[in-house]
Each structure stands twice: as structure tokens, then as C-alpha cells.
Amino acid sequence: MDKLIVSPSPHDENYTKTTNIMLNVIIALLPAWGAAIYFFGMRVIPLTAVCIGSCIFFEYVCRQMMKRDNTIGDLSAVVTGLILAMNLPSTLPYWMAVIGSFVAIVIVKQLFGGLGQNFANPAITARIVLMISFPAAMTRWVEPFTHTDLDAISSATPLPLAGTDNAASYLDLFLGKCGGCLGETCSAALLIGGLYLAARKIISLAAPLSFIGSLFVLSWISGSDPVYQILAGGVFLGAFFMATDYATTPITTKGKIVFGLGCGIITFIIRRFGSYPEGVSFSILLMNVLTPYIEQLTRTKVLGAKEAEKNEG
Amino acid sequence: MKKLNGIKLKHRKNTENSSTVDFPVPEKVTIPMSMTMGAPCQPLVKVGDTVAVGQKIGDTDAAFSAPVHSGVSGKVTAITDYRNVMGTVCKMIEIETDGLQTVSDEVKPPVVTDKESFVKAVRQSGACGLGGAGFPTHIKLNPKADIDTLIINAAECEPYITADYREMMENPQDIINGINLVKSKLGIKTAKLAIEANKPEAIKNFTAMAENDDTIDIITLPSAYPQGAEKVIIYNSTGRIVNEGSLPADAGVIVMNVSTVAFLYRYMQTGMPLVTRRLTIDGNAVGEPKNVRTVIGTSFRELLEFCKADIDSIKKLIAGGPMMGMSVPDIDMPVVKTSNALLAFNHYDERKTSSCIRCGRCVRVCPLGLMPADIDRAYKIRNVEELKKLKVMLCMNCGSCTYVCPANRKLAETNQLAKALIPRK
Ligand code: SF4
Ligand code: SF4
């Protein structure tokens, strides 16, 4: 017997670790990613590899330069890379994807202190930066199944077509047979992934439900087709995978509901009154910025706690 | 009624069916003068004195403390300085036993007429909470406020430990008698015996025993750690909330451990003070996990050998349960009044702490609704105002938050450190 180890309680631990959580997020994204390959072709694979590879690379270099311990093992950079890829059109030049990774990892994540410290969602911010910098490349969608030819016909996303004769059918929208970023079109696969994460208690459905629910209700009241509005565009990807991001959304259930409602309302406003047809990314980013304030207002109630202490002289 | 949050733990009650085994009187015992909360006692004997079983060997004038008795007959061979697992320094009396176990003539049933003499007798018994906290029982039984409910804590919510459970299976009548004793002496109307759902046998037995007695309710607590924590058991069995800065008595309740109440009954019959106790010995370094009754002052090493532990392989020794127990730095330390378990493990993974990913697990599990992740942040920058607002003082150190944290953050420990930053009034 060597010296006995002395440590503070508790001495027992459970085995859900950060890496394990990230791995589950990756698993949950796989159905939608598979659907992307099916609809948009093999180019999805190298594009995703570029995103993930460059995210890992930037994470590694950053941690080295900042003389912090290496965090590649926690897989969070892989998750960021994968979600970023899901937010890009399948035709995007690789070098642009690398810029996206740079924005996500270096600027949004590591400059703010790394995992858990960033205030904005890295993939969303990267998508918005790319959208503003390269609007043409970021909106070059391909028609599903025409991917053998890289100069494929560019196809509009279903959103601007809502209510026209060219509007996609609900089934096509649900299954993802329409133009869009590679990971956002197949609502069915995203739903499966989201439910998987909820079943494993990795995410709470509070934000996704209030997000999708409020968008549905607002669209309905305002006379647009509510089913079309929630199935088209990036709503499911945003609701299940980005409005549930731990670091950039509120911690309490009440806070998550407020966050989801905010996303739904802002998405609705942008789609209805803005010049962008799609509002999901902006709505999530805006709510990310508001998250610290939501947190302040939605703290849990502590059992038996007295209200603000009186100052006794 | 909404129950408080809790976590599912593996129960690992390997010893629940092991009847209590008596450990033979050891050749030597070492008895610390501080085994309960409160002031340490001063030795009443000198080196060379002969002592008998049940003789008082330590006491103090301080009200918040309980006297110490010898569980063996023999000769005092040394009085040394001792630092217990809590870090308290006190004297320790070493007694070499003579094997005769002569009973002291101090041992006779106390004469109890009213509440006052009852409380006095309780103090003389040396009783304290046997569940691990070690609160002197006579203080608890002498509250300033009016009490209408006596809660008997039979949750035993920590993994491994079955010491209280064995008391319930082996001496159920002592428990019922003890409950009636406390009720009648303190004029309390109802008692609630609260047992965690993972002990269906005990629940069944006591429900049958109390069937015709409407002053004793048997309550089934959900199986979610920490049911045995005082605030949690009060809320989950009566719906009452102990407010910040108040005592359970202010909410009209007293909470007593189930083994303590049985001990009190036996003390009133025999006058034998608290000199032995039952503890669960388990852990993966222990060959034959057991429930052992032994005299207070027996060394951990002897008990571990008795249970066929592989002493050389032990890396970590815990006095108490894996959630709230204390690391034992030295295998030769003695059993004290609060030792409800001794767990020996042959492995220990050094846990690497990484940054908080804000997953919210710690917030979801805290029974009191605290926000450990935010406390952790505020502590890092020593933001005392924020710590006060986050009510860190209310944390009961149950360890649930640390247990679930995927980043291995030592949240419960941080809370204790944070408490120290807040000036006391
Ligand atoms: S459980 Fe750990 S990682 Fe999750 S929020 Fe709490 S401190 Fe952060
Ligand atoms: S240790 Fe404190 S903060 Fe953590 S769960 Fe228990 S009571 Fe809550």
C-alpha cells in the first residue's frame, strides 16, 4: 500500500464526459449528412473533410500558440467543423470553407477562451461571415440529383418560392429533396438526430420546440403556410443543433424557452419583412448575444432562499 | 407535491443481506476526544488509569458537544494529539484492553421524569447523529421552537452503506420504541419514518408494525440521491421548507437518524452509553464485505483485515459513503461515532478537469436549485456579491453536481471554498 490518496468528496463519478457528448452530437448529425450525400453528391464528403480538418488544425495551432493544453481530444472542433459543413452549399470552393473554419475556431471560439466561453455559435457566425463576404458562392444551390456535373443548374431554395406554383411539396421538403445548404434540407433526418439527442438527455427540447412552435404559430396567424415555413430553410438544423448549443444558449429551461421563442419571432420577422429570404442564422446569432441577459433573468429559484438581503447597518 | 431533483446512483448495497457480525474486542483501542460536531472533550483519565466498559473518559463544559466513553476495560497507555478527518485537532486516549470487558458501575438506566431530565440523560449517553453528520443529539432534542413532527431519517441514500438498513431489519422494535420515547418525552404529535424506495422489505415491515398506530407514518422516499439530506427529507416528507438561516425546528420538525433513535431506546433500558456501532465495510479492495459491530476506537486496519481486504492494494479509503464521505489519510485511524461505513478501493482515476461546456447538468440535478456552474464562474473571479446572490451558503455539499459534470469540475468543493469568502455575520 502506497500512501492513501486524499481527495474531496464525491469520490464516485459518472461516465458521461465532454468527449462522449460531442461524439453523440456527431452521431446525431450523421443521418442528415448521409441525406446530403444522397441528394447533393459525393462532393459533400471532401467539403466536410475540409471543414473538419481545418477546424482541428486551427484549434490545435491556437491552443499551441496560447500555450494552453491541447483540446482536440474533446471532439468539439470536429462538431464545429461538421456543423459548419452542414451550413454550406455543396458547391462552395474549399478555400472559402477554410475561411469559415478560421472564423469559427480562431475568432469566435478560441479568442474568447475556448470551449464553453464563446458567446456566439461558431458555425452560425462563420456562415454569416461567408454569406456577407461571398454572397454569390454562398447561394449557389444545386438541384438534388444533378450533382454529377459540377456546373449543375443552380436552384433556388424553396423559401422564396413559397406560395408560387414552383413551391416544393411538403414531402419533398420533409425528405430534403430541394435546394439548400447541404445539411439543412432533410428535415426528417434532422428530426431523427434531434430526437436521438433528446432521448440521450444531451439536449433539451425546450428551445427547439419553442423555436419551431412560435415560427409555426406566427406564420399561421400572418397567413403564410405554417408547415412550409418550418420545413423550408434551415429551421430544423438551427433549432435542434444550434439553438441547443450549450455555450451560447441559456442554461435553465425557462431561459431555453425564451431563447427559442426569440429565435422563432426573429426568423419570422426577417423572412416576412427583411430582404433575406432566410432568417434562421441571424435569429440565432441575435439570441446568442442576448443570452447573458436571459440568463440573468431566468435563474433558478433556490429552495428556502430569502429574497435580496436587507442591509443591516 | 413536486419532489426535489435528485440523481440516480447505482445502489451497490452488496451487504444488505449480511447480518451484523460482532468484531472481537481488539487488543488496543484509540479513542479521539472529538467525534461529534462541537467542542472537543478533555480527557478525564490519566496514563496508567484502569477503565471499565461504559466509563466516561472525556467531557467538556461546552454545551454543544457530547461526552466520550470507553467501550473496553483495560489500562490507559497513552494520551496523544490527534487530527481527525475533518482536520480538527484533539486529544486521543489509547487503551490497552484486558479482555475482561468489566462493566463500569457508572452504567445504570437513567432516571427520566420529564423533558429536562430526558435531555440530560441523552447528553450523558454521548449520542450523536449516527448517519454521519454527528450532530449532538441532546441539542437536537432541546429545540427553541414548537415541534409537531418528528422525522426519522431512514433514507440511507448513499451507495454501499447498509448499516441503518441492518438496524431496521434486526431491531425494528427498538426503532418503534425509540420513536415513541422521543415523541412522548418531547410531546410531539406525529412521527414520520422516511425510508428510500430501494428498501422495500423495511417499508413493508414497518408499515405492518405501524398499522394500528396513526401517530407514526411510514413514508416512501423516491430513489434519487440525496434523499437523506436534511432539507431534502424534510421537504419530501412534509412539504416544508427550511428557510435560509433557519433550523429545521423553525419549520416545526426534528430530523433524527433511525439508528440513533433505536440506540436512545436501548440506552434508556440499560444505561450503556454510545460505545459501539455498526458500520458497513465494502469497496472493491474488500474480499468479504460485511456489516460489523465494533467498539468505537477499533482501528480501520483491523476491520479491513477482518473483512479480508487486500491491504497492499488499497489506494483510497473512504470513511462514509462515496458521495459525501471523507478520504482517510491513514489506515490506522479509528472508528468513531459517526463512522457508518468504511470503503476501500484499489483504483483511483485521477480526474482531469476541463473547461465548463455549460451543459447545465449541474443545475438540473441540484436538489436545492443552486447553479453550480455560475458559482464556479463567480468564484474564479472572487465575485463575493455574485456568490451571495447565487446563495452558495445554502449548498449542502451533497456532491451531485460534481458527480454529473462531464468536464470533471469539482463544483461541490468549489462551493465550500466559495463559502469561506463570504463574511459571516
Ligand atoms: S455540469 Fe459541468 S460542464 Fe455542465 S454546466 Fe455544470 S459545470 Fe459546466
Ligand atoms: S453540492 Fe451543493 S450545489 Fe452541488 S448539487 Fe449538492 S447542494 Fe447543489
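In this predicted model, the shell around ligand 1 is made up of eight nonpolar residues, one polar residue and two charged residues. The points below describe that shell, a sheet in chain B, and several positions in chain A.

**Ligand 1**
- The residues that surround ligand 1 come from chain B and include the cysteines Cys356(B), Cys359(B), Cys362(B) and Cys405(B).
- Also in this shell are Ile357(B), Arg358(B), Gly360(B), Arg361(B), Ala373(B), Pro406(B) and Leu411(B).

**Sheet in chain B**
- Six strands of chain B form an open sheet with mixed pairing, in the order E1-E14-E13-E17-E15-E16.
- Strand E1 (21–22) and strand E16 (326–327) of chain B are at the edges of this sheet, and because each has a single partner strand, one side of each is left without a neighbour in the sheet.
- Within the sheet order, strand E15 (residues 316–319) and strand E17 (residues 341–345) of chain B pair in the antiparallel sense over four bridges, and Ile318(B) stands opposite Leu343(B) in E17(B).

**Surface of chain A**
- Phe102(A), Ile107(A), Leu111(A), Phe112(A), Phe119(A) and Val289(A) together make a nonpolar surface patch of about 550 Å².
- One of these residues, Leu111(A), is found in the loop between helix H4 (94–109) and helix H5 (122–133) of chain A, and Leu111(A) is exposed because its relative accessible area is 61%, where the cut-off is over 50%.

**A buried position in chain A**
- Phe40(A) belongs to helix H1 (residues 18–40) of chain A, and with a relative accessibility of 2% Phe40(A) counts as buried, the cut-off being under 20%.
- Although Phe40(A) and Val50(A) are 10 residues apart along the chain, their C-alpha atoms are separated by 17 Å.

Technical notes. Residues are numbered from 1 along each chain as its sequence is written. Chains are lettered from A and ligands numbered from 1 in the order in which they are written. This is a predicted model: local features need pLDDT of at least 70, side-chain atom pairs count only at pLDDT 80 or more; totals for chains, interfaces and linings use all residues. Side-chain values use heavy atoms; hydrogens and water are left out. Patches are made of residues with over 30% relative accessible area and no salt bridge: like charges are joined within 9 Å, nonpolar side chains (Val, Leu, Ile, Met, Phe, Trp, Tyr) within 5 Å. Accessible areas come from the Shrake-Rupley method with a 1.4 Å probe; for residues, only the protein chains shown count as cover. A salt bridge is a side-chain nitrogen of Lys or Arg within 4 Å of a carboxyl oxygen of Asp or Glu. Helices (H or I, at least four residues) and strands (E, at least two) are DSSP runs, numbered from the N terminus. Buried means under 20% relative accessible area, exposed over 50%, partly exposed in between (1.4 Å probe, protein chains only). A residue is near a molecule or strand if one of its heavy atoms lies within 4 Å of it. Ala, Val, Leu, Ile, Met, Phe, Trp, Tyr, Cys and Pro count as nonpolar, Asp, Glu, Lys and Arg as charged, and the others, Gly among them, as polar. Two strands pair if DSSP finds at least two bridges between them.
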